[in-house]
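The stops below are given in the order in which to select them.

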Amino acid sequence: QVQLVESGGGLVQAGGSLSLSCAASGSIVSRYTMEWYRQAPGKQRELVALITSGGSTNYRDSVKGRFTISRDNAKNTVSLQMNSLKPEDTAVYFCTARDGGNVYWGQGTQVTVSS
């Protein structure tokens, strides 16, 4: 069973930075597509960034140039470095691992950006 545990959320002022980390069970980080989603209150969950097993990355337009996704295969972790944070980045952030038709979710970590 794949387990994902996010950490690193918190409260930060606009313009600040946070780094989220997702610890995965087993050696899946290098083999699965790893993603970060977020869900703000009253809004649908949205894909923020992903990194494929081949190392390709993709970002939603609103975070391009501000967020960076990376992975450490040796530590089985995926990170999301978030800079120049805005109040609209406030959400619960979830890590996922995708392998074909199987998708595994973490419990999420709260990010709050104050104006």
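This is a predicted model: local features need pLDDT of at least 70, side-chain atom pairs count only at pLDDT 80 or more; totals for chains, interfaces and linings use all residues.

Serine 84 sits in the loop that links β8 to β9, the latter covering residues 91–99. Check its backbone: phi is near 50°, a positive value in a residue that is not glycine. Is serine 84 buried, exposed or partly exposed? Its relative accessibility is 41%, so serine 84 counts as partly exposed, because that class lies between the 20% and 50% limits.

Next, go to asparagine 76, in the loop between β7 (67–72) and β8 (77–82). Here too phi is positive in a non-glycine residue, with a value near 55°. Asparagine 76 has a relative accessible area of 17% and is therefore buried, the limit for that class being under 20%.

Now select arginine 66, in the loop between β6 (57–59) and β7. At 10% relative accessibility, arginine 66 counts as buried. Which groups does the side chain of arginine 66 reach? One is the backbone oxygen of serine 62, at 2.9 Å. Another is the side chain of aspartate 89, joined to that of arginine 66 by a polar contact of 2.8 Å.

Keep arginine 66 selected and display the residues around it. Setting aside neighbours within four places in sequence, arginine 66 is in contact with Gln81, Met82, Asn83, Ser84, Leu85, Lys86 and Asp89. The list includes Ser84, the residue with phi near 50°, as well as Asp89, the partner in the 2.8 Å polar contact.

Move on to strand β11, residues 109–114. Colour Thr109, Val111 and Val113 one way, as they make up the covered face of β11.

Finally, look at the strands beside β11. How do β2 and β11 run, parallel or antiparallel? Strand β2 (residues 10–13) runs parallel to β11, and 4 bridges join them. To find this pairing, select glutamine 13, which stands opposite serine 114 in β11.

Select valine 92 here; opposite it stands glutamine 110 in β11.

Key
Residues are numbered from 1 along each chain as its sequence is written. Side-chain values use heavy atoms; hydrogens and water are left out. Helices (H or I, at least four residues) and strands (E, at least two) are DSSP runs, numbered from the N terminus. Buried means under 20% relative accessible area, exposed over 50%, partly exposed in between (1.4 Å probe, protein chains only). A polar contact is a pair of N or O atoms within 3.5 Å; within protein, one must be able to donate a hydrogen and the other to accept it, and residues adjacent in sequence count only if both atoms are side-chain atoms. Contact means heavy atoms within 4.5 Å. Two strands pair if DSSP finds at least two bridges between them.
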